[in-house]
Structures are given as structure tokens and as C-alpha cells.
Amino acid sequence: MPTRIRLPIVIGEAVRAKVAARNIYEDHIEEIVRESCHRTHVRRAREGGLLLLGRDRGGRYLLVALYPSHDYPGQHVLATAREATENERRLYGRHVGRTS
């Protein structure tokens, strides 16, 4: 059963600035989250967190790390987002059945 992640994701100002410095913005993150039921590879992380590997519309491979929000029940908080490593790209390629 796919993991349900409700939008919008809670993003603190410090994290927003950190990922924006990597040219990753809220719409990129939401793309990956929206696809989490279909073409995003989801892994469990510590403390109930989730690691999502996916591609944005521009073709970039991104890793998005989310944790359950304590302040907003049922929602997730963005821990970080970055471009995926080469190994993570291969993992994503195996998950969706192709590499590119």
C-alpha cells in the first residue's frame, strides 16, 4: 500500500533557504511528493521519516527527506532536499524499471 503524504508539506524558513540555495523550490518538492504513489521510490528512515527519490519535470533526480510533524498531525515536515547521488539514481532507475 502506498504511503500517503498530505500536501502542503511544512517547510521551515531555515530549511527553505538551505534547499533554495541548491535551486530546489517548493514546487519541485511537491512534484516528488505527488508522484510518491507512482514513480517515486520511497524508503523508510529513522524516527518515522521518509526518503523519496524521484525526478522533477526538468529531469533532475532529487532526494526529499520528510518527517512526521509533531505540530500538524497527519502532515510531514521537510528535513532536506538535494540532488540525488549516482547510486541513488541507479536505485531509482531499478525502481521504475529503467535508467536514464
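Predicted model: local features only at pLDDT ≥ 70, side-chain atom pairs only at ≥ 80, totals over all residues.
What radius of gyration does the protein chain have, and what value would a compact globule with 100 residues have? The chain has 13 Å, and a compact globule with 100 residues would have a radius of gyration near 13 Å, so the two values agree.

**Fold and dimensions**

- The protein chain contains three helices and five strands, and these elements follow one another along the sequence in the pattern β-α-α-β-β-β-β-α.
- Taken along its principal axes, the C-alpha trace of the protein chain spans about 40 × 35 × 20 Å.

**Burial, surface and charge**

- Of the 100 residues in the protein chain, 39% are buried.
- The accessible surface of the protein chain comes to about 6200 Å², and carbon and sulfur atoms contribute 50% of that surface.
- The protein chain carries 18 positive and 12 negative side chains, with the centres of the two sets lying 6 Å apart.

**Helix H3 and its surroundings**

- Helix H3 covers residues 86–96, and within this helix Glu 88, Leu 91, Tyr 92 and Gly 93 are buried.
- The buried residues of H3 pack against four strands, namely S2 (41–44), S3 (50–55), S4 (61–68) and S5 (75–83).
- Just after H3 comes Gly 97, which takes a positive phi of about 90°.

**The aromatic pair**

- With ring centres required to lie within 6.5 Å of each other, the count of aromatic pairs comes to one.
- The pair is formed by Tyr 61 and Tyr 92, whose ring centres are 5.7 Å apart and whose planes stand at 80°, so the pair is edge-to-face, given that planes over 60 degrees apart are classed in that way.
- Because Tyr 61 lies in strand S4 and Tyr 92 in helix H3, the pair ties together parts that are 31 residues apart in sequence.
- Both partners fall under the 20% relative accessible area that defines a buried residue: Tyr 61 counts as buried because its relative accessibility is 6%, and Tyr 92 counts as buried because its relative accessibility is 5%.

Methods. Residues numbered from 1 in each chain as written. Heavy atoms only, no water. Helix = DSSP H or I, 4+ residues; strand = E, 2+ residues; numbered from the N terminus. Rg over C-alpha atoms; globule rule 2.2 N^0.38 Å. Buried < 20%, exposed > 50% of the residue type's maximum accessible area, 1.4 Å probe, protein only. Areas by Shrake-Rupley, 256 points an atom, 1.4 Å probe, with all protein chains shown as cover. Lys, Arg positive; Asp, Glu negative; His and termini not counted. Charge placed at Lys NZ, Arg CZ, Asp CG, Glu CD. Contact = heavy atoms within 4.5 Å. Phe/Tyr/Trp six-rings, centres within 6.5 Å; stacked < 30°, edge-to-face > 60°.
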